Amino acid sequence: MPSPRLLIVSNRLPVAARLVDGQVRTTPASGGLATGLRPWHAQSNGLWIGWPGDVARFSPGQRAELDRRLHADGIVPLHLPTDLIDRYYFGYANRVVWPLFHYLIDRVPLDADGWDAYYRANERFAEAVAGQYRTGDAIWVHDYQLMLVPALLRQRLPGARIGFFLHIPFPSSEVFRTLPARRALLEGLLGADLIGFHTFGYMRHFVSSLRHVLGLEAEVDSVRVGDRDVALGAFPMGIDAEGFAALGDDPEVAAEAAAIRRDADGRQIVLGVDRLDYTKGIVRRLQAIEHLFARRPEYRDRLRYIQVAVPSRERIDSYKRFRRDVEETVGRINGTSGTVRSVPVHYIHRSVSPKQLAALYRAADVMLVTPLRDGMNLVAKEFAASRTDEDGVLVLSEFAGAAAELGGALVVNPYDIEGVADTLRRALTLPPDERRARMRTMRQRVTVYDIHAWVGDFVARLGARPAAARPRPAVSDTAALAAALDDARRAGGLHLLLDYDGTLVPFARTPEEASPDADLLVLLGALATAPGIDVAIVSGRPRETLESWFGELPIRLWAEHGFWHRAAPGQPWQQTASVGPSWASRVRPILEQFTAATPGSRLETKTASLAWHYREAAPDFGARQARELRMLLGEALSNQPLEVLDGQMVVEVRRRGVSKAVAAERRSADVAQGTTVAFGDDRTDEDLFRALPASSITVAVGRPRGGASFVVEDPHAVRQVLSRLLAAAQPGSGSPARALRTPAHASLV
């Protein structure tokens with residue numbers, strides 16, 4: 001059977017097609033997505049599905065030749081009519097969605113239309129993907145042009161793994177909600193299994209829109225949609241750092257960079273490389289340079305600014321007007337600030353080759369990347385990757401997604417003309433040691449988290465649950481569950497992994513009130529000594545609490561979601577992971593502030609986590625504070641080895657990698673035979689469910705959970721099931737209730 005593939009779906013393909021003297025020619029396409037994913041796709045066995053560009057002038061034979069070439073490279077072209085492209089791509093996607101998602105609402109035309117074309121084009125993409133799909137394939141849909149495709153694919157391929165990544169910012173809820181099609185776009189995205197964003201900020205805006213528009217409440221990094229859990233994540237896109245570093249070291253590039261410097265005749269070189277797009281801040285950047293020349297005239301003959309403006313969407317009126325604005329500004333600056341010896345602004349309105357681009361990166365003293373708003377901006381990362389000499393200064397807009405990663409950049413507000421001018425002057429005079437230290441920091445980031453890491457992270461999370469192993473709808477039948485447990489016990493033995501709060505006992509207002517009652521202790525002790533059954537409690541509680549409650553029972557104990565483990569009574573507790581002494585220093589002050597501001601809440605400190613409990617707070621106020629806390633932590637902990645868990649009336653921050661999955665993995669390693677059974681009621685238990693072998697039995701308490709094969713109503717139902725299991729394991733012992741109260745069982749506690 002053919003191996004599963006990754007199907008990449010985007011509006012544009014990684015190559016552009018054109019006719020040269022009647023011959024079909026293909027060239028690498030420009031743009032962040034094509035540039036970033038092209039090297040990865042070339043090494044994979046997947047398919048890339050998309051629009052090959054305007055081929056209306058191609059004859060049938062030339063189009064067939066193009067299709068043959070593309071198919072040989074794993075590319076499937078989707079030919080769309082010109083009128084559909086005009087209204088879908090140049091119309092709705094780029095006249096409505098693009099400016100609005102970049103907070104430029106005033107650029108959305110009053111007569112905005114094209115929604116019907118947008119929908120039809122998304123349908124065509126979904127049909128094309130469904131036609132290429134094979135069972136087991138994963139599908140990765142990209143960007144704002146195709147936001148309806150995930151739901152349209154879900155209708156056609158219910159069992160497929162579908163991911164979506166947004167390459168532009170997701171705007172604040174207040175801005176997004178101005179779109180008439182807001183509900184349809186959100187519902188379209190929610191057809192995916194995983195939705196990715198460049199930053200936690202964009203993800204937070206999406207979650208806020210879900211709440212306001214659809215009334216859906218997310219659980220930190222997932223949202224329940226019907227019987228599915230849709231995962232959410234921040235995956236800052238990387239670049240082919242190794243490739244750009246190799247270009248930077250290429251002798252031809254070095255020679256070209258040296259020629260650019262000689263031509264500058266001792267002037268410092270400032271560089272801007274952008275698509276000619278009004279979101280890139282080109283005009284304001286030019287105005288900042290003009291401001292510098294006005295305040296410090298000596299820079300007119302000491303600085304050369306090179307602006308590469310790659311043509312973009314030239315058929316759209318707003319882009320035509322923007323090009324005129326840029327060129328008029330360049331002309332004005334050169335007219336007022338030019339000297340006999342120098343024209344300060346060199347404007348290049350065309351695409352440049354990768355080698356030419358690398359030469360410009362290597363020649364520049366300062367790189368200006370100052371978009372008004374940008375999803376990521378890969379140019380900033382390309383500049384850092386190319387500078388193997390560890391020199392050069394990056395001035396970066398705080399409104400670019402890359403600003404969250406590139407700590408060595410000088411960050412500016414692109415709307416502050418004077419501030420950008422001041423920062424540019426600082427960049428031009430930065431001491432060599434500081435320049436190298438800053439560049440070294442940025443190069444380390446872009447090298448470690450490159451395009452391959454980005455793709456790997458997204459695909460790994462998307463593929464964590466293969467389509468063939470998708471869980472069936474959970475069965476809500478305690479009798480059927482008890483029978484399934486007994487069948488498994490008799491076939492080879494049972495290994496019970498039991499959550500505590502919300503699973504074995506109901507939630508209480510305070511932790512102290514949730515201590516185990518006598519009947520529960522007797523039940524657990526009896527199960528642990530019954531033939532063919534062993535028992536483990538896997539809880540988020542501290543080890544001291546579990547030891548005081550269950551220390552004498554012959555069961556395994558897992559505390560703090562698997563961070564601590566005790567195999568048997570009298571044996572020492574062992575850590576399953578290491579943790580540094582200062583891991584909580586960044587997040588503790590935030591949690592303490594929320595504790596002080598939320599009457600009835602409290603902060604619990606554990607070895608590898610901090611838990612903010614709000615069960616005793618006023619219900620509405622506590623829930624609202626918890627939402628605010630989750631959003632704040634999502635941004636504060638970006639790029640930190642910490643993660644946020646949303647439990648029952650608790651928000652917990654723990655070291656990444658510490659989860660109940662540890663118990664599942666250890667159990668699988670220790671026990672070769674028998675069936676593992678896990679009971680749990682919240683998000684932390686889903687980690688456990690997912691880590692267990694497919695042959696395991698997983699039981700969600702309260703409501704269906706991702707990966708659960710059964711669901712029971714509450715802790716009372718859990719005890720009923722366990723009592724039935726115990727009765728079946730001890731024939732002749734009478735009813736479960738009588739059996740639990742025999743002196744022999746009571747002596748176990």
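Predicted model: local features only at pLDDT ≥ 70, side-chain atom pairs only at ≥ 80, totals over all residues.
1. Residues are numbered from 1 along each chain as its sequence is written, and side-chain values use heavy atoms, with hydrogens and water left out.

2. **Overall build.** The protein contains 27 helices and 28 strands. Helices (H or I, at least four residues) and strands (E, at least two) are DSSP runs, numbered from the N terminus. With 749 residues, the protein has a radius of gyration of 30 Å, close to the 27 Å of the globule rule, so it is as compact as a globular protein of that length. Here the radius is taken over C-alpha atoms, and the globule rule is 2.2 Å times the number of residues to the power 0.38. The C-alpha trace spans about 105 × 60 × 50 Å along the principal axes.

3. Of the 749 residues, 56% count as buried. Buried means under 20% relative accessible area, exposed means over 50%, and partly exposed is in between (1.4 Å probe, protein chains only). The accessible surface comes to about 30,000 Å², and carbon and sulfur atoms hold 50% of it. These areas come from the Shrake-Rupley method with a 1.4 Å probe; for residues, only the protein chains shown count as cover.

4. **Contacts along the chain.** How much of the contacts with a separation of 6 or more comes from residues 24 or more positions apart? The share is 71%. A contact means heavy atoms within 4.5 Å.

5. **Charges.** There are 92 positive and 88 negative side chains, and the centres of the two sets lie 2 Å apart. Lys and Arg count as positive and Asp and Glu as negative, with His and the chain ends not counted. Each charge is placed at NZ of Lys, CZ of Arg, CG of Asp or CD of Glu.

6. **Salt bridges.** A salt bridge is a side-chain nitrogen of Lys or Arg within 4 Å of a carboxyl oxygen of Asp or Glu, and the count comes to 50. One of them joins E252 and K355, at 3.2 Å from N to O. That pair links distant parts of the chain, with E252 in helix α10 (residues 251-264) and K355 in helix α13 (residues 354-363), 103 residues apart. E252 is exposed, at 54% relative accessible area, whereas K355 is partly exposed, at 35%.

7. **A bridge between two loops.** D301 and R341 meet in a salt bridge at 2.3 Å, N to O. D301 is in the loop between α11 (282-295) and β12 (303-310) and R341 in the loop between α12 (317-337) and β13 (345-348), so the pair ties together parts 40 residues apart in sequence. D301 is partly exposed, at 24%, and R341 is exposed, at 51%.

8. **Two loop residues to look up.** V658 lies in the loop between β25 (650-655) and α23 (661-670) and is buried, at 6%. Leaving aside neighbours within four places in sequence, V658 is in contact with E560, H561, F563, A577 and E643. R703, in the loop between β27 (697-701) and β28 (710-712), is partly exposed, at 29%. Not counting residues up to four places away in sequence, R703 touches E219, R224 and V711.

9. **Backbone angles.** Which residue in the loop between α10 and β11 deserves a look? That residue is D265, which has a positive phi of about 55° although it is not a glycine. E390 also has a positive phi of about 55° and is not a glycine. E390 is found in the loop between α14 and β15 (393-397) and is partly exposed, at 23%.
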